[in-house]
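Open the model in your viewer and keep the sequence panel beside it. This tour moves from one selection to the next.

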Amino acid sequence: MGTTAAGAVPLTLAEKVWRDHVVVPGEGLGEAQTPDLLYIDLHIMHEVTSPQAFEGLRLAGRPVRRPDLTIATEDHNTPTLEIDRPIADPVSAKQIQTLRDNAAEFGIRLHSLGDAEQGIVHVVGPQLGLTQPGMTVVCGDSHTSTHGAFGALAFGIGTSEVEHVLATQTLPLKPFKTMAINVEGTLRDGVTAKDIILAVIAKIGTGGGQGYVLEYRGSAIRALSMEARMTICNMSIEAGARAGMVAPDETTFEFIRGRAHAPEGDDWEAAVDYWSSLPTDEDAEFDAEVFLDADSLEPFVTWGTNPGQGISLSDAVPDPEHFDDPNARAAAERALEYMDLAAGTPMKDIRVDTVFLGSCTNSRLEDLRAAAEIIRGRSKDEDVRMIVVPGSARVRLEAEAEGLDRVFTDFGAEWRFAGCSMCLGMNPDQLAPGERCASTSNRNFEGRQGKGGRTHLVSPVVAAATAIRGTLSSPSDLTAHESELQEA
Ligand SMILES: CC(C)[C@H](C(=O)O)[C@@H](O)C(=O)O
Ligand code: SF4
């Protein structure tokens, strides 16, 4: 925990990063304050939200201010099969070609399909060591909050803001409020970071974080790997928050050390010194606090059509009648209709057609390992299709180097190339109308994974157990499942 210098105002992690990036302070106080102009340390891009920004620069005759602080990758529109063939869908092909043309014209580093560093923008940045504590990181993508796991202040921005950052390397930003999410205790076996964040969103609601930067704290967070912290920060946006952060510590430093863009030698020492000054001061105050008990947490899963409509996997589909708030009740009724679920049905009785292991929430090596650990030597339910999509080409290579691809294909799952894939189906990887999917992604909105498709958000180990049993399941259900199979 940080200590406050004598006489200095105690600050939270987010406030320190903000303070260190103000180029021009706003005017006025509190809610009425005009935006501060902040310096941006890292700008990452993908094909979907960049074309108009480049077009704006072109029209104004402006160059990119800091191409060296800007990096692009192809992820949303890329296919995950036959990546050496031309992209069949004309819209996707055009989107990708536009990014390639813009990157070439404006001198921006781009990792294209087929390159070992291509992949989902939020997997690629941390993997290259580009994302570091204390940085401001932006991207025209809501899940930029992922990078907050490093103690960076990371925001999703709109296309006009992308243009502003390209042109100036700064961004005007309104002040924010701070919320501490305290998670104390020890997670049980089979309970993961994904369950923490689904439980947090179920607790505070999809609007609960509005106007706040969330800081995840407490012994359960400190015990998590960087990959797991990224899973949690990734979904901060699903609680409506502006960003999510975790204070940098030894786990953070060890993850960054030695990566392609990590500081070296004296620079490394200086960086670690600065990073170590960032954690929230002991006597700093948050505008709001939330508490979650890690010891009693169970695997969590969504039953509805927003990420806040979640419940313990051992519970039953809730009855809308039991919601006090009329809006929540109406939303639950609509969600159950879309999801074709009856109140009172045990979640574990719900059968799925598809299991999707992937997305910027849960497609890193650790996620693939966790799922592979569960399925190794077991067989897939024959009616379930399972698609495994590594978050980046590098993750795919690393997974193959340790034989995980074989574990998945022997099991009967499809081993794909990297990208966003079925997280939102901007490529051919989609659900058919009425199909139901256990998905390790972050959004279960109507039609998100394909028109008429139904999504249950789950962790990688729940995804794996579900592919084995065919119904939503946790790893702890597998022993019972196996004795049933033996008896049969
Ligand atoms: C396409 C992009 C703008 C979008 C986002 O901002 O999040 C996408 O990544 C998503 O997850 O829905
Ligand atoms: S994996 Fe999904 S959530 Fe992440 S950037 Fe891609 S589409 Fe958005």
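**First stop: ligand 2**

Select ligand 2: its shell takes at least three residues from each of domain 1 (37-171) and domain 3 (300-487). The domain bounds come from an automatic or database domain assignment. This is a predicted model: local features need pLDDT of at least 70, side-chain atom pairs count only at pLDDT 80 or more, and totals for chains, interfaces and linings use all residues. Residues are numbered from 1 along each chain as its sequence is written, with chains lettered from A and ligands numbered from 1 in the order in which they are written.

Now show the shell. Around ligand 2 stand Asp 75, His 76, Ile 120, Asp 141, His 143, Ser 359, Cys 360, Cys 420, Cys 423, Leu 424, Ser 441 and Asn 442. A residue is near a molecule if its C-beta atom, placed from the backbone, lies within 6 Å of it. Colour by class: 5 are nonpolar, 5 polar and 2 charged. Ala, Val, Leu, Ile, Met, Phe, Trp, Tyr, Cys and Pro count as nonpolar, Asp, Glu, Lys and Arg as charged, and the others, Gly among them, as polar.

Pick Ser 359 from that shell. Ser 359 sits in the loop between strand 15 (354-357) and helix 12 (365-375). Helices (H or I, at least four residues) and strands (E, at least two) are DSSP runs, numbered from the N terminus. The phi of Ser 359 is near 85°, a positive value in a residue other than glycine. Is Ser 359 buried or exposed? Ser 359 counts as buried, with 28 C-beta neighbours inside 10 Å. The cut-offs: buried means 20 or more other C-beta atoms within 10 Å of the residue's own, exposed means 12 or fewer, and partly exposed lies in between, with C-beta atoms placed from the backbone.

**Ligand 1**

Switch to ligand 1. Val 48, Thr 49, His 76, Asp 141, Ser 142, His 143, Gly 156 and Leu 424 surround ligand 1. This shell divides into 2 nonpolar, 5 polar and 1 charged.

**Between domains 1 and 3**

Colour by domain. Besides domain 1 (37-171) and domain 3 (300-487), the chain has domain 2 (175-293). The centres of domain 1 and domain 3, taken over C-alpha atoms, are 28 Å apart. Where they touch, 21 residues of domain 1 contact 21 residues of domain 3. Contact means C-beta atoms, placed from the backbone, within 7 Å.

Which helix gives the most to the domain 1 side? Select helix 4 (residues 121-127), which gives 4 residues there. By class, that side of domain 1 has 7 nonpolar, 11 polar and 3 charged residues.

**Helix 12**

Go on to helix 12. It is mostly covered, with 8 of its 11 residues buried. Those buried residues are Leu 365, Asp 367, Leu 368, Ala 370, Ala 371, Ala 372, Ile 374 and Ile 375. Their cover includes helix 8 (226-234), strand 15, strand 16 (385-388), helix 13 (393-401), helix 14 (404-411) and helix 15 (460-469). Step just past helix 12 to find Gly 377, with a positive phi of about 75°.

**The core**

Show the largest nonpolar core, with 139 residues. Such a core is a set of buried Ala, Val, Leu, Ile, Met, Phe, Trp, Tyr and Cys residues joined through C-beta atoms within 7 Å. Ile 196, Val 355 and Ala 371 touch the most other members. Helix 6 (residues 193-204) gives the most to this core, with 8 residues. Centre on Ile 196: leaving out residues up to four places away in sequence, it touches Val 183, Ala 220, Ile 232, Leu 292 and Leu 297.

**Phe 286**

Jump to the loop between helix 10 (265-276) and strand 12 (288-293), where Phe 286 lies. Phe 286 counts as buried, with 20 C-beta neighbours inside 10 Å. It touches Thr 12, Thr 178, Met 179 and Ala 180, again not counting residues up to four places away in sequence.

**Exposed stops**

Select Glu 82, in the loop between strand 4 (70-73) and helix 3 (90-106). Glu 82 has a positive phi of about 45° although it is not a glycine. With 10 C-beta neighbours inside 10 Å, Glu 82 counts as exposed.

End at Gln 486, in helix 16 (residues 478-487). Gln 486 is exposed, with 7 other C-beta atoms within 10 Å.

How values were computed: Two residues are in contact if their C-beta atoms, placed from the backbone, lie within 7 Å.
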